[in-house]
Amino acid sequence: MTAMKTYDGPVSDHFDGLHFFDPDGSPPKSLGEVLRWQFGGGRKRAVWPEWAPSPHADTPPSRVEGDKVRLCFVGHASWLIQTAGLNILFDPVWSMRASPFSFAGPKRHNDPGIAFEKLPRIDVVLVSHGHYDHLDVATLSKLAGAFGPRVITPLGNDVTMRASDAAIKAEAFDWHQRVELGSGLAATLVPTRHWSARGLFDRNKALWASFVLETPAGKLYIVGDSGYGDGGHFRRVAEAHGPLRLAILPIGAYEPRWFMRDQHMNPEDAVKALADCGAAQALAHHHGTFQLTDEAIDAPAIALGEALDAASVPREKFLTLKPGQVFEI
């Protein structure tokens, strides 16, 4: 059996020559802790409905010109962002499972908010990291065949993509690198409090990131996965890239807290992250499609409303959409 191909590059302040690390983060949980969560006593895993369809389905326009930004929530962490004549997908997953297997692993509980055949021509894909609910090679391969888009991703994830399908036009970048996308748009990869793996033996051998997307309507801060920590990651983005017009922040996959705290925010954390990054508006994601953790399907949205009320933040400032719903700025 050949070893998985992995990133090979110079040592840096977050790469030791073999593994990436976050100087301001914490390492992922051990296999022993994973087993304790999965099989330890007293686990309370909510039962999700087998199918929880969204009442919405979007047929996007072919292009959105000018300084308007149209965002469609596809589901989980996937978005279609249309602005300045460019069509951008973030962490696109159209597969039925977020898993290396077609027969096991987290399964969709609703359809993507846009049917694949209704997608407009995709110019750019942003992929935040290598976990299966964000980097879906089957979808990337399908996009490559249909549209041949550029795929912008953190270091090492390009190796994963090309090993699966050489037709995927993957371009890998480090934290703080800014990538021109055309039409005056640019994306900067920024540190986020997370980790990466696709198997048992490639932990942190590829980098993870969030993106700051420069658009004619202002900067969008798109966070795929992140723990909260002390909020420093979010404050540093505000300092380096503010003011931010919009933040897309994860609110799901957070229970049990002892296990998930370092890698996934809960809604209360996400409200603090919004205050730290200073965005004028926020949209929630990373909930309601794949059951990755123990909370109920509707728990993140309910808890977000409660956290906003507790922080005296108007609920309309941090919205939760269903797959297929659209938000425009």
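Biologist: Arg257: buried or exposed?

Modeller: Arg257 is buried, at a relative accessible area of 14%. Buried means under 20% relative accessible area, exposed over 50%, and partly exposed in between, using a 1.4 Å probe and protein chains only. Bear in mind that this is a predicted model, with local features needing pLDDT of at least 70 and side-chain atom pairs pLDDT 80 or more, while totals for chains, interfaces and linings use all residues. Residues are numbered from 1 along each chain as its sequence is written, and side-chain values use heavy atoms, leaving out hydrogens and water.

Biologist: Fine. Which side chain does Arg257 meet in a salt bridge?

Modeller: That would be Asp269, with N to O at 2.8 Å. The salt bridge cut-off is a side-chain nitrogen of Lys or Arg within 4 Å of a carboxyl oxygen of Asp or Glu. Arg257 sits in helix α5 and Asp269 in helix α6, so the pair ties together parts 12 residues apart in sequence. Helices here are DSSP runs of H or I with at least four residues, strands are runs of E with at least two, and the numbering starts at the N terminus.

Biologist: And Asp269, buried or exposed?

Modeller: Asp269 counts as buried, with 10% relative accessibility.

Biologist: What else forms a salt bridge with Asp269?

Modeller: Lys272 does, the closest N and O atoms being 3.9 Å apart. Lys272 and Asp269 are three residues apart in helix α6, so about one helical turn separates them. Lys272 is partly exposed, at a relative accessible area of 38%.

Biologist: How many residues of α6 are buried?

Modeller: Eight of the 11, so the helix, residues 267-277, is mostly covered. The buried ones are Pro267, Asp269, Ala270, Val271, Ala273, Leu274, Asp276 and Cys277. Just after α6 comes Gly278, with a positive phi of about 75°.

Biologist: Back to charges. How many salt bridges does the structure hold?

Modeller: It holds 15. One of them pairs the side chains of Arg315 and Asp309, at 2.7 Å from N to O. Arg315 is partly exposed, with a relative accessible area of 44%, and Asp309 counts as partly exposed too, at 43%. There's also one network, in which salt bridges that share partners join Asp58, Lys68, Arg70 and Glu328.

Biologist: Switching to pockets: how much space lies in the largest pocket?

Modeller: About 1,200 Å³. Its lining has 37 residues, and those closest to the centre are Val34, Trp37, Gln38, His131 and Trp195. On a 1 Å grid over the protein atoms alone, a pocket is an open set of points with protein on both sides within 12 Å along at least five of seven lines; a cavity is a set where a 1.4 Å probe fits but cannot get out; lining residues have an atom within 4 Å of a point. Points are joined across faces, edges and corners, and a volume is the space filled by probe spheres set on them.

Biologist: Which helix gives the most to that lining?

Modeller: α1, with six residues. Both α1 (31-39) and α5 (257-260) supply at least two residues each. The lining has 17 nonpolar, 12 polar and eight charged residues. For the classes, Ala, Val, Leu, Ile, Met, Phe, Trp, Tyr, Cys and Pro are nonpolar, Asp, Glu, Lys and Arg are charged, and the others, Gly among them, are polar.

Biologist: How many cavities of 30 Å³ or more are there?

Modeller: Three, searching the whole structure.

Biologist: How much space lies in the second largest cavity?

Modeller: About 60 Å³. Its lining residues include Trp48, His76, His286, His287 and Glu295. The class count there is four nonpolar, seven polar and one charged.

Biologist: Last one: which residues does UniProt list for a domain?

Modeller: The UniProt entry, which is unreviewed, lists residues 87-287 as "domain: Metallo-beta-lactamase". In the model, that stretch is 21% helix and 25% strand, and its end C-alpha atoms are 23 Å apart.

Terms used
UniProt positions renumbered as here; feature names shortened; annotations may be inferred.
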